[in-house]
Amino acid sequence: MASLNVGNLGEYLREQRRAAQLSLRQLADATGVSNPYLSQIERGLRKPSADVLQQVAKALRISAETLYVRAGILDEREREELETRAVILADPSINERQKNVLLQIYDSFRRENGFAPGPDADVDAGAQADAGASADAGAGSDAGDDAGTRNGGDAGTRDGDDAGAGTTKDQDPHS
């Protein structure tokens, strides 16, 4: 069964290389992988490592995860999860804090539905918890100002120009 996956991988790589209008030699130059080795991969004679697949994917401008699935290194569900995470992380219209909040919510829903959290779920748990606590603060805030937005979003509380006086005016006047 592994050779079948490698064969499918080789055919797919050949199609992608031809679509990119690259010769095998040009792909070898772009990846740093030898021409004979790439030829063996395309013919289904060799199973490449994840590192080689990543180099090939980068040179062909295709998803490395797709190659991992075709090579039998990665399960299809894992690929879909990784691609979902990659899309969130690559979105230039949202800041880092917002990305962390989205990933935290995504992991929460996955756990609720019986799936394991993603591979990066524990890496930044503290930052995600802070981001989650301030998620309902102003949408226009920067990634680094969530300490100020938790105190009401007043610019004076972030830069300390009034030595803390601004923090009391943001508190509940009835307390």
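Leaving aside neighbours within four places in sequence, Leu-9 is in contact with Ile-41, Pro-48, Leu-53, Leu-67, Arg-70 and Ala-71. Contact here means heavy atoms within 4.5 Å. Leu-9 sits in helix α1 (residues 2-19). Leu-9 is buried, at a relative accessible area of 0%. Buried means under 20% relative accessible area, exposed means over 50%, and partly exposed lies in between (1.4 Å probe, protein chains only). Take one partner, Ala-71. Leu-9 and Ala-71 are 62 residues apart in sequence, yet 5.8 Å apart in space, C-alpha to C-alpha.

This is a predicted model, in which local features need pLDDT of at least 70, side-chain atom pairs count only at pLDDT 80 or more, and totals for chains, interfaces and linings use all residues. Residues are numbered from 1 along each chain as its sequence is written, and side-chain values use heavy atoms, with hydrogens and water left out.

Now the whole chain. It has 11 helices and zero strands. Helices (H or I, at least four residues) and strands (E, at least two) are DSSP runs, numbered from the N terminus. Of the 175 residues, 32% count as buried. Among contacts between residues at least 6 apart in sequence, 47% join residues at least 24 apart.

Next, a helix pair. Helix α2 (residues 24-31) and helix α3 (residues 35-42) pack at an angle of about 115°, with axes 9 Å apart. Axes are lines fitted to C-alpha atoms, for helices over the stretch in contact, and angles run from 0 to 180 degrees between N-to-C directions. That makes α2 roughly perpendicular to α3. Angles of 65 to 115 degrees count as roughly perpendicular, under 35 as roughly parallel, over 145 as roughly antiparallel, and the rest as oblique. On the α2 side, the contact is made by Leu-24, Arg-25, Leu-27, Ala-28 and Thr-31. Helix α3 brings Asn-35, Leu-38, Ser-39 and Glu-42. These residues divide into four nonpolar, three polar and two charged. Ala, Val, Leu, Ile, Met, Phe, Trp, Tyr, Cys and Pro count as nonpolar; Asp, Glu, Lys and Arg as charged; the others, Gly among them, as polar.

Finally, confidence. pLDDT is the predictor's confidence in each residue, from 0 to 100. The chain mean is 72, and 62% of residues reach 70 or more. Confidence is highest in α2, at a mean of 96, and lowest in helix α9 (residues 146-150), at 38. Over residues 122-170 the pLDDT is below 50, though this stretch has 50 contacts in the model beyond near neighbours in sequence. Where pLDDT is low, the predicted coordinates should not be read in detail.
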